[in-house]
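Here are my notes for you to read with the model open beside you. Take them one point at a time and find each spot on screen as you go.

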Amino acid sequence: PDLLVSCRDKDGNNNALAVGYGCNCSFDPPMVMVGIVPSRHSYNMVKETGVFVVNLVPEELREQYAYLGSHSGRDEDKLAKLGMNLGEGTKVNAPLLLDCPVNIECTVVDSIKTGSHEMFIGKVEYVHANEDLVDEQGNVDYSKINLLKFR
């Protein structure tokens, strides 16, 4: 699915961007990979702080996803303009997008320049999920989420 990556710069300014390239890249330890174009405002935030949050986007946030992907945080506080509900990371200094049902806190362990994008490999530090998605064993049932597929 398409993802929103949220981050915070060293001065405490929050931002989020739409990410089309993202996937699991390791089960042990759990890691994810997200691709960010170096010209994007969030790119330097992630490079400088070494942390980000992957937010799984439900279909209901289609318009917010499109806005976050087509406007720059250099020009405005996109999250405030959209009225997005923010929370604080438990393990990383980056915002959670609470309107999303799952938030995955990550610490950058490596990156690979692949041409147009830099793929940031993030070790999963903590996963937040809406209670109704979690079973008795603590596993997230992703089939209960109507995930956005923008393309």
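1. Let's start with a term we'll need: a polar contact is a pair of N or O atoms within 3.5 Å, where, within protein, one must be able to donate a hydrogen and the other to accept it. With that in hand, look at E118: its side chain makes such a contact with the side chain of K47, at 3.1 Å. Another polar contact, of 2.5 Å, links the side chains of E118 and S111. Do keep in mind that this is a predicted model.

2. Stay with E118 for a moment. You'll find it in strand β9, which covers residues 118–129. Is E118 buried or exposed? Its relative accessibility is 2%, so E118 counts as buried; the cut-off for buried is under 20%. Leaving out residues up to four places away in sequence, the neighbours that E118 touches include V34, G35, I36 and Y43.

3. Now zoom out. The protein chain has three helices and nine strands. Reading from the N terminus, their order is β-β-β-β-α-β-α-α-β-β-β-β. The radius of gyration is 14 Å, close to the 15 Å that the globule rule gives for 151 residues, so the chain is as compact as a globular protein of that length. Along the principal axes, the C-alpha atoms fill a box of roughly 40 × 35 × 30 Å.

4. Some whole-chain figures go with that. Of the 151 residues, 44% count as buried. If you take the contacts with a separation of 6 or more, 62% of them are between residues 24 or more positions apart.

5. Six of its seven residues are buried, so β4 is largely enclosed by the rest of the structure. It pairs with β3 in the antiparallel sense over five bridges, and a hairpin of two residues joins β3 to β4. β4 also runs antiparallel to β9, with six bridges joining them.

6. The peptide bond from D28 to P29 is cis, with omega near 0 degrees. Most peptide bonds are trans. P29 sits in the loop between β3 (22–27) and β4 (30–36).

7. Next, helix α2, residues 62–70. Which residues of α2 are buried? They are Y65, Y67 and L68. Seen down the axis of α2, the buried residues fall within an arc of 165 degrees, so they line one face of the helix. E63 and S70, on the other side of α2, are exposed. Among the elements covering the buried residues are β1 (3–8), β2 (14–19) and α3 (78–82).

8. Last, the cysteines. With 36% relative accessibility, C25 counts as partly exposed. What about C100? The closest cysteine sulfur to its own is in C106, 14 Å away, which is too far for a bond. C100 is buried, with a relative accessible area of 1%.

Conventions:
Residues numbered from 1 in each chain as written. Predicted model: local features only at pLDDT ≥ 70, side-chain atom pairs only at ≥ 80, totals over all residues. Heavy atoms only, no water. Buried < 20%, exposed > 50% of the residue type's maximum accessible area, 1.4 Å probe, protein only. Helix = DSSP H or I, 4+ residues; strand = E, 2+ residues; numbered from the N terminus. Arc of directions from axis to C-beta. Contact = heavy atoms within 4.5 Å. Disulfide = S-S within 2.5 Å. Pairing = 2+ DSSP bridges. Rg over C-alpha atoms; globule rule 2.2 N^0.38 Å.
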